[in-house]
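Here is a short note to read beside the model. Please keep the structure open as you go through the points.

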Amino acid sequence: MAYGPYAALGFRNYRFFALGFLLSALGEQMLDVAVGWEIYQRTNSASALGFAGLAEALPVMLLSLLGGHVSDRYDRKRILLVVQVLLAASSVGLAVVSKLHAPVVWIFVLIATAGVARAFKSPARSALLPQLVPRHLMSNAVTWNSSTFQVASMVGPMIGGFVIAAFGKYSLVYALNAGLALSFLACLVFVRAAPAAPDLTSEKSPNSAQPPVREPLSWHSLWAGVEFIRKTPLLLAVITLDLFAVLLGGATALLPIFARDILHTDATGLGWLRAAPAFGAFLMALALAHLPRRSSPLNHAGPALLWVVAGFGAATIGFGLSTSFPLSMAMLFLTGVFDNVSVVIRLTLLQILTPDKMRGRVAAVNYVFIGASNELGAFESGITAAAFGPVASVVGGGIGTLLVVLIVMRLWPQVARLRSLD
């Protein structure tokens, strides 16, 4: 079996998939900076930033289970092709709204439209991955997926902030995102995904494997992913840990407030702040890919997971208390370092413990709990900041994250006993 830091990239289908994912994520990161900055500049309201997160979270919460069922029932690649068109269309709508200076409520409507697309995109994208690389390279592929996302998260916010500062046009950022969304579609055309096999142990694609049986749509089939996670304590513990860490410890939604009112910087500075966690996560992802297996945190996955989530909470507290731009950058950098280890462990466990016929539905549950919690965390942060101030909101969230680690250690002691992900 072939190992090595670049093993997953040796597969043509995965390379096209990763390139498309990179381009799409790059545009989405640019868009997030532009939307947050435009909403805050037009409303001067922390609550408005929170409601922007809620507008995206609600469709994800309501439709992700259906999205997971659809990705287990129909061709995952075709689902991705359709949702990329919808994401591009919503970005074009944002460009028109911004150009015409239409009411802010239309921004929320289009954010919700993108949320509908993401409710179907994330389960399909996650479930497609095991059809592109062998099972024994899954953690390597997940690590490179994380690296790809972090590259986009580094470069995207800086480009978005620069474009806004240089040209003063949010609509230009939205138009660029539409083009990058269609670029993912173009890359997917060259992906030839084979049916995944549960016992993949070689580099050969499982062309002889049979596709999963298509279950009819029912409440039982929709709820099957939730039941699977509930009956798999290790997955339940890991998802719970990340859910509350993201829900309580995320400061991203409040960055426009910190940038303008506390750190006294502009859109370019906001772009750097948004990029700082990705810098940390990218460097950690490279380290995870290159470290010898015996010395990697992934070889002591359970203890590492608990430590890095605690570190994420501590760095979040440090950011909330900082009034220095360099110190704030350093704290955000550390949140990315810690978060990347957590993401790789969670997503690897999700892939290797889930049968292929349920991967879409289990990925959908993960996205509801983790992906939507980013937006719900934004809502919580915005409302808390409006009531108690942004500093109290961020520091309180960091303290809450540390408490969650202690609770998970108490309820699921098997997490601390988890060792190698192989």
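1. Ground rules. This is a predicted model: local features need pLDDT of at least 70, side-chain atom pairs count only at pLDDT 80 or more, and totals for chains, interfaces and linings use all residues. Residues are numbered from 1 along each chain as its sequence is written, and side-chain values use heavy atoms, with hydrogens and water left out.

2. Overall make-up. The protein has 15 helices and 0 strands. Helices (H or I, at least four residues) and strands (E, at least two) are DSSP runs, numbered from the N terminus.

3. Burial and surface. Of the 422 residues, 59% count as buried. Buried means under 20% relative accessible area, exposed over 50%, and partly exposed in between (1.4 Å probe, protein chains only). The accessible surface comes to about 17000 Å². Carbon and sulfur atoms hold 69% of that surface. The areas come from the Shrake-Rupley method with a 1.4 Å probe.

4. Contacts along the sequence. Contact means heavy atoms within 4.5 Å. Take the contacts between residues at least 6 apart in sequence: 87% join residues at least 24 apart.

5. Helices α1 and α6. Two packed helices are described by the angle between their axes and the distance between the axes. Axes are lines fitted to C-alpha atoms, for helices over the stretch in contact, and angles run from 0 to 180 degrees between N-to-C directions. Helix α1 (residues 12–43) packs on helix α6 (residues 170–188) at about 160°, with the axes 8 Å apart. So α1 is roughly antiparallel to α6 (over 145 degrees). The residues of this contact divide into 18 nonpolar, 6 polar and 2 charged. Ala, Val, Leu, Ile, Met, Phe, Trp, Tyr, Cys and Pro count as nonpolar, Asp, Glu, Lys and Arg as charged, and the others, Gly among them, as polar.

6. Helices α11 and α12. The axes of α11 (residues 301–321) and α12 (residues 325–353) come within 8 Å and cross at roughly 155°. That makes α11 roughly antiparallel to α12. Residues of α11 that meet α12 include Leu305, Val308 and Phe312. On the α12 side, Met331, Phe338 and Ile345 are among the partners. The contact residues comprise 13 nonpolar, 6 polar and 1 charged.

7. Arg118. Is Arg118 buried or exposed? Arg118 lies in helix α4 (residues 105–128). Arg118 is buried, with a relative accessible area of 12%. Beyond its neighbours within four places in sequence, Arg118 contacts Glu28, Glu56, Leu87, Pro123 and Tyr367.

Notes: Parallel < 35°, antiparallel > 145°, perpendicular 65-115°, else oblique.
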